[in-house]
Amino acid sequence: MAASLGGLGLLQGTVRLAAAAAASSPLSRPGARGLVRGGAACSPTGRGYSSEAKGEEELRVRYLDEENQGIVVLGLNRSRAKNALNKNLIKMMSKAVDALKSDKKVRTVIFRSEVPGIFCAGADLQERAKMHSSEVSSFVSKARATINEMGGTQRLPRTIGVSLAKELIFSARIVDGEEAKSIGLISHVVEQNESGDAAYRRALALAQEFLPQGPLAIRVAKLAINQGMEVDLVTGLAIEEACYAQTIPTKDRIEGLLAFKEKRPPHYKGE
């Protein structure tokens with residue numbers, strides 16, 4: 001089975017994130033083969049890519065084109081370390097994320113692995129063991145700023161509940177894709193295919209569903225959800241109202257209304 005993680009919320013603005021991950025664990029067990037933002041094929045030379053990356057790069061960035069324009073794939077490529085996160089990879093990810101944040105043409109980001117049978121083994125503990133204690137905190141802070149889903153003692157209870165979060169954290173138990181989905185840790189589990197990229201294809205399909213939607217509406221919806229989850233319902237509804245107010249003077253809102261009236265697909269421009 002291949003597990004596809006959704007709702008990671010790594011990037012702000014109009015960018016959404018879908019992750020193609022491994023099957024038997026949300027992080028590091030055998031399953032779907034990952035690939036940086038890609039097209040219709042799982043190989044680096046597959047059709048649908050607008051650019052290619054050098055084979056030795058630990059992070060590959062590809063902008064899709066044709067019907068997938070607006071989707072970017074980030075591919076983890078540290079095969080010798082099972083894609084473990086070291087200082088260099090975190091630096092590359094941070095640089096890539098910063099660039100994507102300011103690119104208005106980017107609508108969705110897919111994280112995947114280019115290493116067969118693995119998504120990410122977590123932190124590079126061999127490198128961590130060599131770090132001076134003064135380096136560890138700054139490294140973790142940098143990683144957290146890049147991957148804002150880090151912080152398991154806080155995020156996991158909010159996702160699956162306090163009791164089950166304690167059970168998993170205290171036991172360090174690895175869960176497979178089916179269990180991860182059943183407890184709400186991931187969004188989708190799909191049967192593996194012959195190409196070994198079932199999770200990526202599911203993530204790509206989700207990204208394709210996002211593309212036709214209004215980028216401004218998606219931006220404020222994401223903001224309302226993320227901020228609303230941290231406050232009480234009354235405050236959350238006030239946040240929603242404030243976010244909706246931002247869409248009222250936009251051309252996209254008018255386009256949506258006209259498209260509905262004229263019974264045609266809307267053509268949003270993010271204006």
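**Salt bridges in a predicted model**

Arg78 forms a salt bridge with Asp124, their closest N and O atoms lying 3.1 Å apart. A salt bridge here is a side-chain nitrogen of Lys or Arg within 4 Å of a carboxyl oxygen of Asp or Glu. This is a predicted model: local features need pLDDT of at least 70, side-chain atom pairs count only at pLDDT 80 or more, and totals for chains, interfaces and linings use all residues. Residues are numbered from 1 along each chain as its sequence is written, and side-chain values use heavy atoms, with hydrogens and water left out. The whole structure holds 13 salt bridges.

**The Arg78 pair**
- Arg78 sits in the loop between strand S4 (71–76) and helix H1 (87–101).
- Asp124 sits in the loop between strand S5 (108–113) and helix H2 (125–130), 46 residues apart from Arg78.
- Helices (H or I, at least four residues) and strands (E, at least two) are DSSP runs, numbered from the N terminus.
- Both Arg78 and Asp124 are buried.
- Buried means under 20% relative accessible area, exposed over 50%, and partly exposed in between (1.4 Å probe, protein chains only).
- A network of salt bridges links Arg78 and Asp124 with Glu58 and Arg80.

**The Arg158 pair**
- Arg158 and Glu230 form a salt bridge at 3.9 Å, N to O.
- Arg158 lies in helix H4 (residues 152–160) and Glu230 in the loop between helix H8 (215–228) and helix H9 (233–247), so the pair ties together parts 72 residues apart in sequence.
- Both Arg158 and Glu230 are exposed.

**The Glu179 pair**
- Glu179 and Arg173 form a salt bridge, with the closest N and O atoms 3.1 Å apart.
- Glu179 is partly exposed, because its relative accessibility is 27%.
- Arg173 is partly exposed, with a relative accessible area of 35%.
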